[in-house]
Amino acid sequence: MTSSDQQAGDAGRADEPAAHVWAGPGDAEEEFAAVAQPTLPVPPPEDTVVVPADEDPVSAAASELIGGAPGRHALLGVSWWTAARVLAIVTVVVWALGMVQKVPCYDSGWFYGASAQYDHACYSDIPHLFDLRGFNVPGNIPYVDKIPNPSDPTMQYLEYPVLTGLFVWGAAQLTPTGGADVYREQIFYLVNAGMLLVCAVVAVVALSRTHRRRPWDALLFALAPVLALDGTINWDMLAVALAAVGMALWARRYPVWAGVLIGLATAAKLYPVFLLGPLLVLCLRAGRMREFGQALAGAAVAWLLVDIPFMLANFNGWATFYTFSESRGVDFGSFWLILTQNNWLNVSTNTVNTIVAILLVLCCLGIGWLALAAKRRPRFAQLAFLVVAAFTLTNKVYSPQYVLWLLPLAVLARPRWRDFLVWQVCEVLYFLGVWYYLAYGASGNQKGLPPDWYHASIAVHILGTLYLVVLVIRDILAPSADPVRADGSDDPSGGVLDGAADVFTLTGVKVQAAPESRPSGATSYAVGSSSVHE
């Protein structure tokens, strides 16, 4: 376990080039090349564990509430209370608190009263879609069979990606077929909440194993307010868990399996496909295109194996998710809603789609340029966060549960409690804003937030996300400010990219690997001991 003195000393060396091994005193050309190309700092030992209370002021202050900074019994591998088990328990507790917050809706708000579920800020799609999407009908198969008696004549099939539809269908099979409608919807919600809790635990354990020396950073995820508030609004946690496992596998140098999990995550929600973009530019810079190709192939095969059967069974049913996303108008949470509701923009949905696509492409090009032009190669998690943040900020809709997409990426990209909590406060304010805005429209006496105040909550959410975006970009441009790299680490989530030398950059400056040898294959680390097994 690192001490604060050791970390302070390491932090001072984080961006200083390590001593270079010269080719020979008489070789002027090679000596010039060695001076021109900086070298990565020497990484810390793999068996050390970063304790947040040693390096994070907020964490250090909070630790005083429970007796101070962790001692020797907090070392990994010396007691039953491993990081993964502690994090899993904390996640379960926070998830349970979130379900308690939904009690007013579970008892009555989802079923009685026009605005009760908004007044208590406990809305969830899950119980409503049990009936509205035909999951209450035994034998009805998503995408293959039409929705029985749809409330919207244009919605003939389920509008979710295939793996999410299968997840929900599986929950429906565990729901009793008899009893009153309200009772069945309540049980359906509980079944889904339990399944999504498993996903949340999987996600937090995967996060704890992505940055090998920093497992306790995952506590940010486990204690996040949005995990409790937004976890059971919809089924996004399924894709979050699959994407988190995919990133952990990439960090452990299993590119094929990482791609498989990213492909499965994309089959559950669209956003994980954007993780492949950062991998492309980072592997290009490091000359690791073979590994990127393996991940890409794994993702494509996994996605196709899930989707092809439904494409063949009923292409129109399978394509509903994509056609619905294209035809959906400007909706909650986006800056587009502010523009349209204030009559500052009056264009068709197709025009908005085109502008959104252009903005997203420009953002991705800018992130790609940053990845190839920065003096030091950015970390995978940093670029992943920037790309998904760009997607959420430019999109024509931002449902409150979309914050879950960014949650694990923010933990890996910027593991600092102060900055994380600033962002979380902004997201909680938006969470309250959207429900009270809907209460304003649903209640007869207009009790809730009027449009102007709702627009303010959207602005708060956007500014909160941009705050983290700016900090991550700053860390990329000035690695000495990056908390992950402060001790000499390179890219713990980078897998084969971690410690790799640059092969291609836009500036011509190519950072070289540290002189110490690094593992080149899949590696198992005995964290908390002095042994490393290859």
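Predicted model: local features only at pLDDT ≥ 70, side-chain atom pairs only at ≥ 80, totals over all residues.
Student: Is R133 buried or exposed?

Tutor: R133 is found in the loop between α8 (125-132) and α9 (162-173). Buried means under 20% relative accessible area, and R133 has a relative accessible area of 15%, so R133 counts as buried.

Student: Which residue has a side chain joined to that of R133 by a polar contact?

Tutor: Leaving aside its neighbours within four places in sequence, R133 is in contact with I147, M155, L158 and E159. The polar contact between side chains, at 2.8 Å, joins R133 to E159.

Student: How many residues of α20 are buried?

Tutor: Helix α20 covers residues 380-394 and reaches 21 Å from its first C-alpha to its last, close to the 21 Å expected at 1.5 Å a residue. The helix is largely enclosed by the rest of the structure, because the number of its residues that are buried is 15 of the 15.

Student: How many charged residues are in the lining of the largest cavity?

Tutor: The largest cavity holds about 110 Å³ of space, and of the eleven residues that line it, the closest to its centre are E46, R212, R213, S489 and D498. By class, this lining has three nonpolar residues, one polar residue and, as charged residues, seven.

Student: How many nonpolar residues are in the lining of the second largest cavity?

Tutor: The second largest cavity has a volume of about 80 Å³, and of the 13 residues that line it, the closest to its centre are A243, A244, M247, P408 and L409. Elements α10 (181-208), α13 (236-251) and α21 (403-413) each give two or more residues to this lining. Its residues divide into no charged, one polar and, as nonpolar, twelve.

Key: Residues numbered from 1 in each chain as written. Heavy atoms only, no water. Helix = DSSP H or I, 4+ residues; strand = E, 2+ residues; numbered from the N terminus. Buried < 20%, exposed > 50% of the residue type's maximum accessible area, 1.4 Å probe, protein only. Polar contact = N/O pair within 3.5 Å; in protein donor to acceptor, adjacent residues only side chain to side chain. Contact = heavy atoms within 4.5 Å. Expected span 1.5 Å × (residues − 1). 1 Å grid on protein atoms, 1.4 Å probe; cavity = no way out; pocket = protein on both sides within 12 Å on 5 of 7 lines; lining within 4 Å. Points joined across faces, edges and corners; volume = space filled by probe spheres on them. Nonpolar A, V, L, I, M, F, W, Y, C, P; charged D, E, K, R; others polar.
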